[in-house]
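Reader: I have a structure to look at, and I would like to go through it slowly with you. Could you help me with my questions about its side chains and about the place where its chains meet?

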Amino acid sequence: MAALPRRIIKETQRLMQEPVPGISAVPDDSNARYFHVIVTGPEDSPFEGGLFKLELFLPEDYPMSAPKVRFITKIYHPNIDRLGRICLDILKDKWSPALQIRTVLLSIQALLSAPNPDDPLANDVAELWKVNESEAIRNAKEWTRKYAMDN
Amino acid sequence: MAASHENDSEMDCSDNEDCYEDYNDYYKDEDSDVEHVDPKKTDPEYFEYKCLSEEEVERLLNETVENLSNHLRISLPLAKVLLHSHSWNSIEVIRKYEENPQQTLISARIDPPCPPKNVIFSPTHLTCSVCVTLHHVDRFFHLSCSHMFCKDCWTMHFEVQINQGISTAISCMARDCVVLAPEDFVLKHLQHKTIIREKYQHFTFQDYVKSHPELRFCPGPNCSIIIYSKDIKAKRAFCDQCKTIFCFRCGCDYHAPTDCQVIKKWLTKCADDSETANYISAHTKDCPKCHICIEKNGGCNHMQCYKCKHDFCWMCLGDWKSHGSEYYECSRYRENPNIAHESVHAQAREALKKYLHYYERWENHSKSLKLEEQTLEKLRARINQKVMSGLGTWIDWQYLFTAANLLAKCRYTLQYTYPFAYYMDAGPRKELFEYQQAQLEAEIENLSWKIERAETTDRGDLENQMDIAEKRRTTLLKDFLDV
């Protein structure tokens, strides 16, 4: 395997030294491009109190290509599907090499605070979010309690 | 092409055409009594176009770019981006640019929406924010937005984008920056990367042709010809190289008298429905009582519904009790075939029937076209034999090929009249259309019959039939081809 680019080393160092509040990202022991991520559910959101596990992988051509990020913990959210895939513009066509792991994770945390049912990935969830927001929020809280609060 | 229309016509008139025009003049003077028919007025399918090679198109595009660049006194790459973002409409670009150059450059994503802040300090070294490496300031480059990145990062960025098939749409690396990287900037960073450079030039060329309304790639497999026409209409284009015939506007199979949207709708419908619909229509009917779909799997017309146990007649869908002893033939059906079409469910089936009526004819003519190709092959063999055994020369038999080609052309148009008729609203116009369609159909079948029996048909008779069929075809197109 090719040597780890300076950019990845620098980002990893900074993530360790000045971690982002509410977010932890730790590189895997055997693969420095694979990160174990934990995002805490933002305050005043239905995900509050939950700890959400994600995986983040930096592809070969990172930072020219976006990192691959996925929720491992089940989550009830209109922009995250059953497989944990995330619908977020900066992970797709709006990716810029100037963005970082840190900014991506912050954007994901912000997505938890502000779901966007008009650009859905999980259609059934988005639909309920639009027609009956209070019920959708109840479901989200229920899922957070069930899946994101154990250990 | 940029400055005015006069330039365009000048460009079109190559030396060859000048000669051609002299030729015409020569004949006009000599035979002034010969009436010149203007094909623009008489032939509804008349279409002026040229088959160009990639090099010729590149020259044409470059000329357009140069003219614009000279006219507006802007750089060539800039002119290219402007043209690409304005569908190669020089007049439009000039109008907008002269009105508000700044706004034009912003909306073409050449300049950033807000002017960049001036960097006052000028250090000798900078850290590239992408690779986080300290480099000498000489290694940094930026677009009009002033976002600085090192040379290696730019190169890598372009490589990744190009490998994803992106070319004219590659933007600056900075976050949320919309400024596009013009061709010269990209190429400058790919100096030693021959393969990726070629890829990039290939993709940009494709983008330019696709954004140019007067150009269309020939859809023929592995064909590199590009059709060029000032007449942006759904007309028949014929590729000189691979002989593909297609519609200039949509690039699909030529489809007169049907228009591009309708033929697309029709083909999608056929792809979705036909197989299942065919089977349902051919083998099933709905139970007249409970409307369940029933497939007839035996010969007897006395049916008993599996679900509601209703006894009925397959032919007229009436109650079996009223049939008595008439077993093999239903006389009620003979008296009133409409009897089966009264329920709401039957209406849906009626719609399907209507579709199948048109679809079957459409399919049938398509099959006939293929069969007639075989006839032509046989014809070729027979003529070969005749010529070899001394019965006439090649030239004597050429008229048969002309006839077979004309037949194919007529039948092709006939095939495409069916989707047209399917989507037409009922009324006198549709009646007229279907009348003309029937006339054309009859003449085509006559022609086909005569070609198959070419050796026994009188040549004059055949040529007369050819003339009639083609007249019917043009008449129909003249009245209904609206492009």
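Reader: Is A:Arg70 buried, partly exposed or exposed?

Author: This is a predicted model, in which local features need pLDDT of at least 70, side-chain atom pairs count only at pLDDT 80 or more, and totals for chains, interfaces and linings use all residues. Residues are numbered from 1 along each chain as its sequence is written, chains are lettered from A and ligands numbered from 1 in the order in which they are written, and side-chain values use heavy atoms, with hydrogens and water left out. Relative accessible area, found with a 1.4 Å probe on protein chains only, is called buried under 20%, exposed over 50% and partly exposed in between. Since A:Arg70 has a value of 32%, the word for A:Arg70 is partly exposed.

Reader: Which side chain does A:Arg70 meet in a salt bridge?

Author: A salt bridge is a side-chain nitrogen of Lys or Arg within 4 Å of a carboxyl oxygen of Asp or Glu. The N to O distance here is 2.8 Å, and the partner of A:Arg70 is A:Glu55.

Reader: How many residues apart in sequence are the parts that this pair ties together?

Author: Helices (H or I, at least four residues) and strands (E, at least two) are DSSP runs, numbered from the N terminus. A:Arg70 lies in strand 4 (residues 68–71) of chain A and A:Glu55 in strand 3 (residues 51–57) of chain A, so the parts they tie together are apart by 15 residues.

Reader: In chain B, which residue forms a salt bridge with B:Lys193?

Author: B:Lys193 is partly exposed, with a relative accessible area of 34%. The closest N and O atoms of the pair are 3.3 Å apart, and the partner of B:Lys193 is B:Glu159.

Reader: Where does B:Glu159 lie, given that the pair ties together parts 34 residues apart in sequence?

Author: B:Lys193 lies in the loop between helix 9 (183–188) and helix 10 (194–211) of chain B. Its partner B:Glu159 belongs to another element of chain B, namely helix 8.

Reader: How many residues of chain B are in contact with chain A?

Author: Contact means heavy atoms within 4.5 Å. On the side of chain A there are 13 such residues, and on the side of chain B the number is 13.

Reader: How many salt bridges are counted between chain B and chain A?

Author: The structure holds 23 salt bridges over all chains. Between chain B and chain A, however, the count is zero.
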